Number of protein chains: 2
Amino acid sequence: MVDEVPGSLGTSASLALRLGQIMFSSASLFFMCLDVDFYAYTAFCFLVTVMGLVIPWSMTLGLVDAYSVFIKRPSRQPGVMTVIVVGDWVLSFLSLGAACSSASVAQIMIAESIPACPVKICSRYSLSAAMAFLSCSISFAPSLLNLWILPKL
Amino acid sequence: MVDEVPGSLGTSASLALRLGQIMFSSASLFFMCLDVDFYAYTAFCFLVTVMGLVIPWSMTLGLVDAYSVFIKRPSRQPGVMTVIVVGDWVLSFLSLGAACSSASVAQIMIAESIPACPVKICSRYSLSAAMAFLSCSISFAPSLLNLWILPKL
């Protein structure tokens with residue numbers, strides 16, 4: 001048994017991080033999709049796709065954390081941990097890229113005052129990108145901590 | 001002494017990765033800066049700033065690698081390795097963000113045919129973003145490998 005690193009899989013800190021990740025990704029998806037024709041822009045479609053991947057992923061791992069915290073801790077196997085670490089990293093990078101893309105596209109749409117983008121819509125794009133940034137920065141914590149304990153397993 | 005991980009600090013693989021990183025970052029800076037007024041757009045300024053940080057950083061570490069490969073291997077201290085890992089990670093994230101931002105801005109400038117951006121200039125922006133992507137994906141390898149050996153030091 002390795003010593004307990006807060007934030008690694010199965011701890012209450014990890015559960016809190018996953019819940020924050022679910023909340024911010026859902027907020028990002030909500031601001032982007034509701035009543036806006038985002039699909040005309042590649043960057044926004046990318047953001048929606050990535051957020052649609054992040055939400056089920058973090059829900060699954062949040063359930064594992066909740067089971068581990070409240071009922072009984074399963075043993076951590078190196079194979080499973082490797083899959084989780086790799087998945088976390090890939091999703092973190094994708095969501096960082098999506099957040100940067102949408103933020104810069106929203107910014108340039110405001111700066112060049114593109115007619116398809118009135119201020120009310122553009123500010124929602126920006127808000128969605130900000131939520132994606134928050135979700136992405138939260139998701140780096142568990143991936144780093146899980147990677148940290150991986151060589152000790 | 002830890003066992004040798006290829007690509008960690010002081011190995012010839014790491015030297016090759018650093019050289020590739022220097023090459024692609026310089027190419028990105030070159031395509032972006034030469035004869036183009038990039039400073040009107042936030043995303044491109046960000047790219048130039050980040051590439052201006054990546055080049056001296058990877059040159060320094062490349063020199064350390066070259067010294068270690070050709071002359072004599074210095075002992076790796078955990079403190080120094082931590083600084084290198086953190087710096088590598090921060091620069092990797094910054095360059096990923098910069099590459100995504102510039103790529104999506106260049107794409108939307110072509111799609112909306114913004115007058116300040118004729119095709120010749122816009123294709124250079126895209127090329128610069130592509131080089132930044134390559135530099136960024138190369139720079140993730142040594143940072144992962146250095147992080148991997150860090151708990152064993």
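This is a predicted model: local features need pLDDT of at least 70, side-chain atom pairs count only at pLDDT 80 or more; totals for chains, interfaces and linings use all residues.
Local features are reported only at pLDDT of at least 70 and side-chain atom pairs only at pLDDT 80 or more, whereas totals for chains, interfaces and linings use all residues. Residues are numbered from 1 along each chain as its sequence is written, chains are lettered from A and ligands numbered from 1 in the order in which they are written, and side-chain values use heavy atoms, with hydrogens and water left out.

Chain A contains four helices and zero strands, where helices (H or I, at least four residues) and strands (E, at least two) are DSSP runs numbered from the N terminus. Its pattern along the sequence is therefore written α-α-α-α. The C-alpha trace of chain A spans about 60 × 25 × 20 Å along its principal axes. Of its 153 residues, 48% count as buried; buried means under 20% relative accessible area, exposed over 50%, and partly exposed in between, using a 1.4 Å probe and protein chains only. Contact means heavy atoms within 4.5 Å, and among contacts in chain A between residues at least 6 apart in sequence, 84% join residues at least 24 apart.

Next comes the relation between the copies. Two copies of a chain are related by a rotation about an axis and a shift along it.

At the interface, 23 residues of chain B are in contact with 23 residues of chain A. The area buried between them is about 1,900 Å², and carbon and sulfur atoms give 81% of it; buried area is the accessible area (1.4 Å probe) that two parts lose on being put together, summed over both. On the chain B side, B:I108, B:W148 and B:P151 lose the most area to chain A, together 24% of what that side buries. The count of salt bridges between the chains is zero, a salt bridge being a side-chain nitrogen of Lys or Arg within 4 Å of a carboxyl oxygen of Asp or Glu.

What lies inside? A nonpolar core is a set of buried Ala, Val, Leu, Ile, Met, Phe, Trp, Tyr and Cys residues joined through side-chain atoms within 4.5 Å. The largest one has 46 residues, and A:F44, A:M109, A:Y125, B:F44, B:M109 and B:Y125 touch the most other members. Elements giving two or more residues to this core are α2 (42-70), α3 (78-111) and α4 (119-149) of both chain A and chain B. Another core, of 28 residues, lies apart from it and includes A:W89, A:C136, A:F140 and B:M81. Beyond its neighbours within four places in sequence, B:M109 is in contact with A:I108 as well as with residues of chain B, including B:Y41, B:F44 and B:Y125.

Rings of Phe, Tyr and Trp (its six-membered ring) pair if their centres lie within 6.5 Å; planes under 30 degrees apart count as stacked, over 60 as edge-to-face and the rest as tilted. The whole structure holds 16 such pairs over all chains. A:Y41 and A:F44 form an edge-to-face pair, 5.7 Å centre to centre with 70 degrees between the planes, and A:Y41 and A:F44 are buried. A:F93 and A:F140 form a tilted pair, at 6.1 Å and 55 degrees. Because A:F93 lies in helix α3 of chain A and A:F140 in helix α4 of chain A, this pair ties together parts that are 47 residues apart in sequence. A:F93 is partly exposed at 21% relative accessibility, while A:F140 is buried at 11%.

A:W89, A:F93, A:F140, B:W89, B:F93 and B:F140 form one aromatic cluster. Within it, B:W89 belongs to helix α3 of chain B and is buried, with a relative accessible area of 6%. Not counting residues up to four places away in sequence, B:W89 touches A:W89, A:F93, B:F140, B:S143, B:L144 and B:L147.
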